[in-house]
Every structure is written in C-alpha cells, then in structure tokens.
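Here are some notes to read alongside the model. Keep the structure open and find each piece as you go.

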Amino acid sequence: MTPEYISPKAAFFTLGCKLNFAETSTIGKILADRGFRRARAGETPDLCVVNTCSVTEMADKKARSLIRRLVRKWPDATIVVTGCYAQLKPDEVSEIEGVDIVLGSNEKLRIGEYLDKWESTHSPLKVSTESLEIRTFSPSCERGDRTRYWLKVQDGCDYYCTYCTIPFARGRSRSGRIADLVEQAESVAAAGGKEIVITGVNIGEFGGDTGEKFLDLLKALDAVEGIERYRISSIEPNLLTEEIIRWIATESRAFMPHFHIPLQSGSDRVLKLMNRRYVTELFAQRISLIRNLIPDAFIGVDVIAGARGETEEEWEKSRGFIDSLGVTRLHVFPYSERPGTAALKLQAENVAPAERHKRVHALQEISDDKMHRFMLSLQGTTRKVLWEHLIKDSEEDTPQGEKIPMMTGLTDNYIRIIAPAQEELLNTITDVRILGIDTSRAETMIGEVVSC
Ligand code: SF4
C-alpha cells in the first residue's frame, strides 16, 4: 500500500442529480484502488474530477465557472470533466483552458485507463460514445451521510420528452440485475446503513432491457435484513402502477409513505406538446389512490412553469389542476430552452422569461401553502424518525436560559424533525411526538423522543 504522505490526492466536485453523486462515489472508489486518497480541506489536489449536469442552461454555466475556478486555484492539478455536460458538449468543455481530460457518460467509470493514457502523453484527451450506442449499466451506490445510501438501479431514458436533453446525455434505458442490486443492499446493511434511496433516470423503465420487473426488484430489496427504510427517488406517473402503490401501502415492510412524481404541467395540451406519456386524469387518479390508501404519505411533484405552448389559458388550467391535487409539495422549475431539443421546433407560444418566473412564483405559493397544511396535520401525532446527525452550531434556548445541542432526522413520511440531541440515538429509529412547526427553519418541525 502507498504510504499516505506520498499518495496522490484527488478532489471531487459533483453537480446535479443524486445519480451523479452516486457515480462520483464510484469514481472515488476506482481512484482509491489506484492509490489516490481524497484531498482534505486545505490540501492541494493532484487530480480534480468534475461530474457535471446539463439539465438547464444554468447547469452548463455553473459547470463552466466551477471548472475555471478549479483551474485558477490549482493550475498544476490534472482536471477531468465528465457527466452530462461533457457528454453533450465535449468540444465546448475541452476548449476551457486547463481541462485535460473530457469523458462522456459511457467513459465515466473507465477513468483509470484514460488517466494512464494521459500520463503517458500529457496531451488533452476527449472521449465519448454516441448516446444511442451506450448499452452498459455501471453500478453505483453512494453513502449520503451516516444513515442514507443512494443505490442506482437504472440509467438512461427512452422517453424523449420534448424539453429534455437527458436521453441524449445518458443514452438508452438500461438496468442493473435484481440479484446484484440485492447484493449491494446487503453490503449497505453490513456497513450499518439503515436507509436506501433507489435512484435512476427513469426508474420505472427498470427491467425494460433485462426482462426483470420493477415490482420484483422492490420486493427483493424489501426482504434485505437490516435495511429499515427505502424511498424511490422519483417515478413517472404512468409507471407508478396501481399494483406498486397497493403493494407499498399494504404489504411492503420498509418502503416509506413517500412518493416523488413528476407532473410537469396540469394542462393536457401542454403535456402532449411535452410528449409526456399520461394525461392529467391518470395523474389525479394516482394521487387519489395514494391518498386513499396512505392518507399521510408525502407526495412531492415536479412542475415546469412557462413551457412552450403554455398560453395564458393553459396556464390557468394547469394552475387550477395543480391546486386541486392532494399533494404535499411542488418542485417548480422555470422552462429552460435546451439546444437540440424537439421543443425548440414546436409551433407553439413561447412564454417570455419574466412571465415564466411569475408563474414559478405563483406555483411556489401554492406549494408553500400545501406544505404548511401538511405539516399542521402532523402536529400532535407520533411518527418514526431516523436520527441522522447533530446540527452543527445549533443550540436552542431552554425556558431556563440554557443552551442545548440539537439533532435532526426524517420521519417515515419525509418531514424534517429537530429535537434535543441524544447522541446515542444517531442512526437509530425512535418514536417521536411532533410538537409543532419550527418557525426559524424552513420546512422543519420540532419533535420530542417518546421511545427508544
Ligand atoms: S422521462 Fe422525460 S423528463 Fe424524464 S429523463 Fe426521460 S426524457 Fe427526460
């Protein structure tokens, strides 16, 4: 083993989704096997790996400015850029001064062999595979914090929504094998992990390439001893079948009452223009079924404001529909023009950026109101909380004027709770009485441990 003081040091920078974070963690393991150690704060790295996102124009901009900052700060470090931005615009990335290696999505986890190549020539490298040719599934499982892990079960997407670049960046849908994913979950349990978030690009497409079924994956994971909680990061409404909802509600041991379902628009006309695979009626049915079977489930919903074709009339329809839904919280994004997407060719009204932001704001207000009402409904109830960590620099005043440290965790239905710290409870699940909303922190409630 290389002594630590001469081991080369690598620093990692991840932008975008949880899938990227999971993959950066795998890159970290690959580099550790090659003798690298993670650079600590204040150290100068020999290698910087930037795993980029390209979901909006803003994401590209963020990636460019991060890369430039790293080059300025550590001019002697080898700079490797990978991820969706590198896959979609390899030329643009390689032209940024100081970038040494550009790796597309398929080459991301082959970083070792490209580093060897670069070492022997020191001339810039730019490699990527045409997205439609990407067929391999690269497994990844990342530890988020002490309690939670992100397990990638699927990659790529075959849906081609008209506003989205992801199918071009990540390629066709492909999946892991149930047996391998169960093995990864078992390793998480052996390492003391309690919660796994199942991630992917279009998770419901799991098994389209292997013939295995998504529900069979959920059942197999549910049986892994030691994992006490699972969450599905996000699933398309048409792929979140009634059968899956009923199984989670009635039979599953560890799948939490928590769903994240992209809606994108509450207007059928706009959904059609977006090439989404459902209509609002199906979406509303899914939400009602969840609410009927699991009344206190957290339901998060993605919405795009001001997409092409969202005329004043369609916007009003959309807003009314979204307001009528029994969901918990909205994740609202303004529509962003992406070069190469079919949306740019649509003969449909283009909403002015200022109007998009006005609509974001209106939806955000609906979201705040829904979230507030959801939190109020939990006040006075008792729920299970998995305690994650102490809150740094956070001390609450007691009525006696003492300062006491606090800890935080999530309820089964995804509400952040804080309570006076009991370090021995970290990474354990306890019953917690929810006392009320914490007005000094966003979307947080105050709890009291009632059992250990
Ligand atoms: S389902 Fe649509 S929005 Fe989601 S990744 Fe696929 S193409 Fe993009």
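1. Start with helix H7 (residues 178-190), which lies across S7, strand S8 (148-152) and S11. Its direction is at about 165 degrees to S8. Keep in mind that this is a predicted model.

2. S7, S8, S11 and S12 form an open sheet of four strands in the order S7-S8-S11-S12, and the pairing is mixed. Strand S7 (141-143) and strand S12 (229-232) are at the edges with a single partner strand each, so one side of each has no neighbour in the sheet. From one strand to the next, the twist averages 20 degrees.

3. Zoom in on one pair in that sheet. Strand S11 (residues 195-199) and S12 run parallel and are joined by four bridges. Opposite Arg231 in S12 you'll find Val197.

4. Next, strand S13 (residues 258-264). S13 runs parallel to strand S14 (residues 298-305), with six bridges joining the two. Pro262, for instance, has Asp302 in S14 as its bridge partner.

5. Then there's a helix pair. The axes of helix H12 (residues 312-324) and helix H13 (residues 353-378) come within 10 Å and cross at roughly 15 degrees. Angles under 35 degrees count as roughly parallel, so that is what H12 and H13 are. The contact involves Trp315, Arg319, Ile322 and Asp323 of H12, with Arg359, Ala362, Leu363 and Ile366 on the H13 side.

6. Finally, zoom out. The domain assignment gives domain 1 (4-129), domain 2 (133-256), domain 3 (284-378) and domain 4 (382-449). The centres of domain 1 and domain 4, taken over C-alpha atoms, are 37 Å apart.

Terms used:
Residues are numbered from 1 along each chain as its sequence is written. This is a predicted model: local features need pLDDT of at least 70, side-chain atom pairs count only at pLDDT 80 or more; totals for chains, interfaces and linings use all residues. Two strands pair if DSSP finds at least two bridges between them. Domain bounds come from an automatic or database domain assignment. Axes are lines fitted to C-alpha atoms, for helices over the stretch in contact, and angles run from 0 to 180 degrees between N-to-C directions. Angles under 35 degrees count as roughly parallel, over 145 as roughly antiparallel, 65 to 115 as roughly perpendicular and the rest as oblique. Two residues are in contact if their C-beta atoms, placed from the backbone, lie within 7 Å.
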